[in-house]
Amino acid sequence: MVNDPYPDYMRESIKIVEKTREKRLKVTMDHCSPDEIDDVLNNYHPDFIKAQKASLRFGVSKGEVVPLEVAKIIETKSVLDPKKVDLNKIDFVVDLLIIGGGGAGANAALWAIKNGVKAENILIATKLRMGDSNTTMAQGGIQAAVREVDSPAIHYLDAIGGGHYENDPPLTRRLVRDAPLLLQWYEKLGMMFDKFDDGTMDAIHGGGTSRKRMHFAKDFTGAEIMKTLRDEVFNKEIPIIEFSPAVELIKDDKGQVAGAVLLNLDSKEYITVKAKATVVTTGGFGRLHIQGFPTSNHYGATFDGCVMGYRAGAPLKLMKSVQYHPTGAAFPEQIVGLLVTEKVRGKGAQVLNKNGEQFCFPLETRDVEASLIIRECGGRNNGLVTPSGQPGLWLDSPLIDQIHGEGTIAKNFAAMVRQFERFGVNMIEDPILIYPTLHYQNGGLAIDENTATAVKNLYAAGEVCGGTHGSNRLMGNSLLEISVFGRAAGITTAKSIPKVSLGKLTLDHITKYNALCDEHKVKNPPSPILFPDYSRQEHKDRIIPTNFLV
Amino acid sequence: MDKTTTEVTYEKVKIIVANTEFEVPSNLTIMKAFEYLGWRLDRGVGCRGGFCGACSTIYRLKGDHKLYTGLACATKVEDGMIVAQIPISPANKKLYDIESLKAVPNTMLEFYPEIARCISCNTCTKACPMDIEVMDYVQAALRGDIALAATLSFDCIMCGLCATRCPAEITQFNVGVLARRLYGRYIQPEYKQMTKRVKEIEKGKYDAELEKLMKTDKKGLAKLYAERVREKA
Ligand SMILES: Cc1cc2nc3c(=O)[nH]c(=O)nc-3n(C[C@H](O)[C@H](O)[C@H](O)COP(=O)(O)OP(=O)(O)OC[C@H]3O[C@@H](n4cnc5c(N)ncnc54)[C@H](O)[C@@H]3O)c2cc1C
Ligand code: SF4
Ligand code: SF4
Ligand code: FES
């Protein structure tokens with residue numbers, strides 16, 4: 001083969017995969033039994049490695065078990081020096097401040113307007129551009145129990161069981177009950193979901209679903225949602241401030257949240273925003289690279305919202321659990337970590353070891369499937385290792401065209417095909433190499449079903465929250481979460497805003513938190529970190545600080 | 001997806017940024033090459049996976065007069081590459097209320113009359129990193145074929161590269177959004193079962209059942225969960 005992207009030893013293994021394909025076509029492995037599930041999770045899921053966890057030593061959720069990487073950015077001082085901020089001069093006075101321009105943020109803004117908040121009294125502050133977010137990256141789909149054979153109750157049971165019964169029941173109830181409402185709203189906004197000629201939306205299974213309830217817009221579901229929501233945010237002329245991440249929340253002398261301090265990434269100045277309601281929709285934490293895993297997340301997914309919320313007194317929950325998506329790209333090297341959507345397995349692609357053998361049901365819940373893959377590689381030594389040292393197993397994508405007819409992959413997975421093609425791999429003809437990738441922040445800020453946190457005037461929605469999914473989120477329930485709870489945040493704040501009266505603004509909570517850090521002698525770099533740091537040490541050693549230029 | 005700058009040593013290539021030569025490993029994307037050089041990015045970066053259009057880049061190659069366009073996160077460096085990023089594309093975006101629009105042929109022209117100035121040069125199509133037939137969707141919009149404009153533009157990530165290159169100064173990607181929203185709202189038929197389900201929910205049809213599940217203890221739930229029958233794929 002000319003220019004084979006796969007090195008010889010991988011090509012040899014592919015030949016075996018091709019040989020066994022015909023025989024495997026009709027054979028599906030059984031689900032794991034509950035005992036097997038316990039066993040594989042306990043022994044192979046990264047969440048169960050005790051040495052990788054810490055208990056928070058101070059703050060409102062003292063004692064909460066979190067990944068080491070999380071402890072490091074929570075148990076540390078703020079990047080903001082409260083003494084340097086002049087709260088007598090406020091740059092923006094608004095009713096509603098939304099921190100984060102992803103799907104949850106856009107929904108919150110639009111639903112606040114629908115419920116009476118004036119567009120000009122809203123401010124969306126975001127780190128990158130409006131819409132640069134995990135929402136844009138979601139491919140697979142959004143769950144909603146719409147079909148006759150389905151019901152919100154069945155959806156509830158799937159989500160609760162998948163989440164290992166650790167879900168917060170009122171949150172999960174709202175998730176499943178409001179789902180069809182939101183999907184209908186999206187239809188009305190003009191999102192192009194895959195539909196049959198009579199208007200019926202196509203629906204497929206996702207890991208852990210007992211009914212086909214994953215609705216999708218080809219493999220660009222999140223992009224379609226985000227592009228449309230953003231267009232709508234523009235249409236409503238909602239003020240946006242881009243490249244200006246929030247770094248801390250502002251409180252008042254009554255202990256209520258009263259806005260935030262933003263950072264202008266160009267001038268490096270701070271910007272003060274006073275608001276009667278503040279909604280945190282900053283998304284997840286993939287860029288913390290928990291336990292060194294590569295990630296599927298966007299560049300700005302650095303846990304800022306939780307850090308700010310925590311310092312202001314809002315508890316975190318379920319931080320012990322992290323979602324590793326079973327199938328991240330493991331080869332070619334340029335795209336390691338990038339998501340290979342679950343739908344590829346949903347359409348029939350099997351996961352195989354280097355000998356071309358199936359070893360499990362391909363659509364177990366994500367935590368179980370990821371653990372089974374890690375066991376097959378590390379535990380049983382049946383995986384391949386790429387030239388850059390990345391372990392991986394085969395995902396037999398060509399099976400899809402064999403099952404559903406030629407052209408199915410190209411039509412359904414255009415984004416994915418292009419992604420691999422850019423680096424020479426043809427997933428229509430060859431299987432692709434996969435390994436679990438850090439995908440989703442299961443835990444986060446605790447909220448009630450109306451998105452209120454424990455701190456007055458502070459609300460949160462989307463991936464930044466914990467509770468809705470228990471300790472394992474099902475595919476398609478997160479795009480749903482940002483829709484349902486983004487909307488809920490808009491409705492709730494529209495109601496709360498007229499009743500709010502703010503006192504004297506203060507950053508005392510930061511001063512106090514910093515003092516706690518001194519007391520505990522923490523040595524971690526300050527946070528929020530805003531961006532991951534991919535520069536090499538040899539550069540860091542040579543940096544001349546440029547503060548003198550300002 | 002990019003935690004690992006690998007230990008394997010790759011041959012080095014030279015890239016040129018702002019008339020300055022830099023040596024970087026040949027296996028890197030343009031984006032990772034910048035980071036390899038010690039730059040901490042806060043512009044021209046987003047998803048890092050070809051989905052968001054934040055990293056639009058223009059470049060020339062050694063001994064080649066052409067100006068190429070691409071995504072920094074999805075394009076490998078090449079020896080002699082001269083690179084510059086375009087992090088933001090100034091766009092012409094018209095405001096509308098989707099509820100008051102009609103999916104009639106003239107709607108596209110009404111909002112974006114400049115599409116009539118398209119000279120069919122195909123530059124936009126050549127510029128598109130998503131291999132979209134951009135000129136064809138602009139032409140479809142011009143003819144009032146909303147369905148075709150919508151489906152052809154569906155994969156657009158709104159990187160703005162087409163618009164930057166267009167001699168007729170069209171903001172193609174916003175033309176595409178309008179076409180898709182008109183198509184999704186008015187041309188695709190409504191999902192009737194969904195309308196029915198929404199009514200059922202609003203009437204509280206599932207409330208009692210959900211309430212009961214909420215009160216069921218873990219053991220009871222586990223039993224129900226184990227008894228579920230998975231609908232055939
Ligand atoms: C590759 C991929 C595929 C996925 N596929 C699916 C799927 O098929 N189905 C599904 O249901 N879910 C999927 N998910 C999960 C889902 O997309 C996300 O959980 C969800 O979109 C999160 O939305 P959000 O609005 O909470 O956060 P985001 O969409 O990430 O938005 C957060 C926003 O906040 C901004 N921000 C961050 N910090 C700050 C700060 N300090 N100040 C201001 N702004 C800040 C960010 O820049 C971003 O714009 C996928 C996720 C990924 C990464
Ligand atoms: S159509 Fe234009 S904006 Fe859309 S992806 Fe192609 S070049 Fe980018
Ligand atoms: S670049 Fe502009 S003028 Fe040329 S074909 Fe595209 S839309 Fe028409
Ligand atoms: S960073 Fe999103 S497309 Fe390149």
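A residue is taken as near a molecule or strand if one of its heavy atoms lies within 4 Å of it. In this predicted model, local features need pLDDT of at least 70 and side-chain atom pairs count only at pLDDT 80 or more, whereas totals for chains, interfaces and linings use all residues. Residues are numbered from 1 along each chain as its sequence is written, chains are lettered from A and ligands numbered from 1 in the order in which they are written, and side-chain values use heavy atoms, with hydrogens and water left out.

Ligand 1 is surrounded by 40 residues. The closest are Asp132(A), Thr135(A), Glu463(A), Ser478(A) and Leu479(A). Polar contacts were defined as pairs of N or O atoms within 3.5 Å; within protein, one must be able to donate a hydrogen and the other to accept it, and residues adjacent in sequence count only if both atoms are side-chain atoms. A polar side-chain atom of Thr135(A) lies 2.5 Å from an oxygen atom of ligand 1. A backbone N or O atom of Leu479(A) lies 2.7 Å from a ligand 1 oxygen atom. For Gly103(A), the distance from a backbone N or O atom to an oxygen atom of ligand 1 is 3.2 Å. On its own, ligand 1 has 1000 Å² of accessible area, and the protein covers 99% of it. Accessible areas come from the Shrake-Rupley method with a 1.4 Å probe; for residues, only the protein chains shown count as cover.

Helices (H or I, at least four residues) and strands (E, at least two) are DSSP runs, numbered from the N terminus. Those of chain A that give two or more residues to the ligand 1 shell are helix 4 (103-114), helix 5 (134-137), helix 9 (304-311), strand 16 (432-440) and helix 15 (477-496). Helix 15 of chain A gives the most, with 4 residues. By class, the shell has 12 nonpolar, 23 polar and 5 charged residues. Here Ala, Val, Leu, Ile, Met, Phe, Trp, Tyr, Cys and Pro count as nonpolar, Asp, Glu, Lys and Arg as charged, and the others, Gly among them, as polar.

Chain A comes to 17 helices and 20 strands. Its C-alpha trace spans about 75 × 60 × 45 Å along the principal axes. Of its 550 residues, 68% count as buried. Buried means under 20% relative accessible area, exposed over 50%, and partly exposed in between (1.4 Å probe, protein chains only). The accessible surface of chain A is about 18600 Å², of which 51% belongs to carbon and sulfur atoms. Helix 9 of chain A is largely enclosed by the rest of the structure, because 8 of its 8 residues are buried. Among them are Asp304(A), Cys306(A), Met308(A) and Arg311(A). Gly313(A), with a positive phi near 105 degrees, follows helix 9 of chain A.

Arg422(A) sits in the loop between helix 14 (414-421) and strand 16 of chain A. At 23% relative accessibility, Arg422(A) counts as partly exposed. Leaving aside neighbours within four places in sequence, Arg422(A) is in contact (heavy atoms within 4.5 Å) with Gly50(B), Leu71(B), Ala74(B), Pro129(B) and Met130(B). A polar atom of the Arg422(A) side chain lies 3.1 Å from the backbone oxygen of Pro129(B).

Pro129(B) and Met130(B) are also among the residues around ligand 2.
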